[in-house]
Amino acid sequence: MTNQSSKRYKRPNKAGAPVLRLDGKAVADARRKVLQDKIAQFTQTRQRKPGLAVVIVGQDPASQVYVKSKVKTTTEVGMLSKHIELPETTSQADLQKLIQQLNEDKTIDGILVQLPLPKHIDTTTIVETIKPEKDPDGLTTGNLGLLMAGRKRVAPCTPQGVMKILEHYNLDPKGKNVVVVGRSNIVGKPMAQLMLDADATVTIAHSQTKNLKQHTKQADIVVVAAGKPQFLGADDFNENAIVIDVGIHRTQDNKVTGDVRFKELNVRAATPVPGGVGPMTIQMLMENTLALAELT
Ligand code: NAD
């Protein structure tokens with residue numbers, strides 16, 4: 001793939017070069033075309049479409065938007081989409097029963113339960129009810145364990161998307177000092193593991209890390225997933241750094257922003273928000289679903 005679609009900002013960093021804008025939307029679009037062809041091929045060979053079931057419990061507005069977008073993309077890429085909406089009052093037992101049915105459904109290759117779930121439902125139990133072979137989010141301990149053991153089935157979508165952005169722009173983490181800010185199971189930990197697998201030297205920073213700047217400032221690549229709007233800026237990175245902003249936040253005036261103050265950066269390359277990591281997450285969900293279907 002080429003990086004011709006990348007846009008360059010005129011703002012120079014201290015080294016005098018423009019900041020390369022890592023355009024996750026363009027990377028996702030390019031990968032989508034390839035994926036559509038692969039899905040068409042799968043459908044022809046297997047005489048069935050790969051299938052993704054998306055389950056949402058309750059009316060959380062942000063979750064509704066995410067689910068709508070996932071369902072739309074699933075259909076657009078040529079997969080079978082099963083969209084199941086359940087009321088906020090759904091019991092844990094009923095949700096588990098539904099997942100068990102989907103586990104046995106031969107038309108379904110991936111089951112995604114949109115998080116967060118209502119407070120009366122235990123998220124861990126629900127995620128673990130999904131068969132790892134049908135977990136395109138890569139969040140079950142079955143899949144996280146394989147990732148840790150170096151026998152990846154599918155990796156969680158967001159960190160996997162970050163790796164694909166770097167790959168697209170030929171930014172190889174091998175031998176680089178990488179700092180991952182955040183240690184969640186969904187982003188930080190699998191991100192660190194994928195970087196390790198790519199031969200980077202990895203530091204994981206978190207809420208109890210002392211003097212964060214001391215770590216980020218010396219890093220070649222910084223992945224920021226702290227979940228804190230506009231948290232880090234120009235001062236926190238060196239001029240040759242690659243900055244990946246995973247954060248997504250909606251401001252009071254309904255704009256989308258990240259964990260990083262993108263506009264002030266003087267670095268080698270950075271992902272914007274929106275248009276950076278976000279579009280890649282959904283693309284990876286589609287790619288992971290096909291990967292699971294191909295394993296059947
Ligand atoms: P989380 O709240 O589970 O984890 C945040 C992590 O940041 C924690 O491990 C915490 O220790 C660390 N942290 C908090 N304050 C810190 C500080 N001051 N210094 C260093 N570390 C600190 O969040 P998450 O689920 O990992 O998501 C992180 C962000 O990424 C959120 O903004 C979320 O919305 C976003 N996100 C985006 C996508 C996407 O598709 N782009 C996907 C998942 C999450």
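Reply: Start with the salt bridge, which here is a side-chain nitrogen of Lys or Arg within 4 Å of a carboxyl oxygen of Asp or Glu. The structure holds 11 of them. This is a predicted model, in which local features need pLDDT of at least 70, side-chain atom pairs count only at pLDDT 80 or more, and totals for chains, interfaces and linings use all residues. Residues are numbered from 1 along each chain as its sequence is written, and side-chain values use heavy atoms, with hydrogens and water left out.

Me: Why is the contact of R48 with D109 called a salt bridge?

Reply: The closest N and O atoms of R48 and D109 are 2.8 Å apart, and the limit is 4 Å, so the pair qualifies. Helices (H or I, at least four residues) and strands (E, at least two) are DSSP runs, numbered from the N terminus.

Me: What makes D109 buried and R48 partly exposed?

Reply: Buried means under 20% relative accessible area, exposed over 50%, and partly exposed in between (1.4 Å probe, protein chains only). D109 has 2% and is therefore buried. R48 has 21%, so R48 is partly exposed.

Me: Why does the pair E133 and R153 count as a salt bridge?

Reply: The closest N and O atoms of E133 and R153 are 3.9 Å apart, which is within 4 Å, so the pair counts. E133 sits in the loop between helix 4 (123–129) and helix 5 (141–148), and R153 in the loop between helix 5 and helix 6 (157–168), 20 residues away. E133 is partly exposed because its relative accessibility is 43%, and R153, at 26%, is partly exposed too.

Me: How do you know that the radius of gyration of the protein chain agrees with a compact globule?

Reply: The radius is taken over C-alpha atoms, and the globule rule is 2.2 Å times the number of residues to the power 0.38. For 296 residues a compact globule would be near 19 Å, and the protein chain has 19 Å, so the two agree. Of those 296 residues, 50% count as buried.
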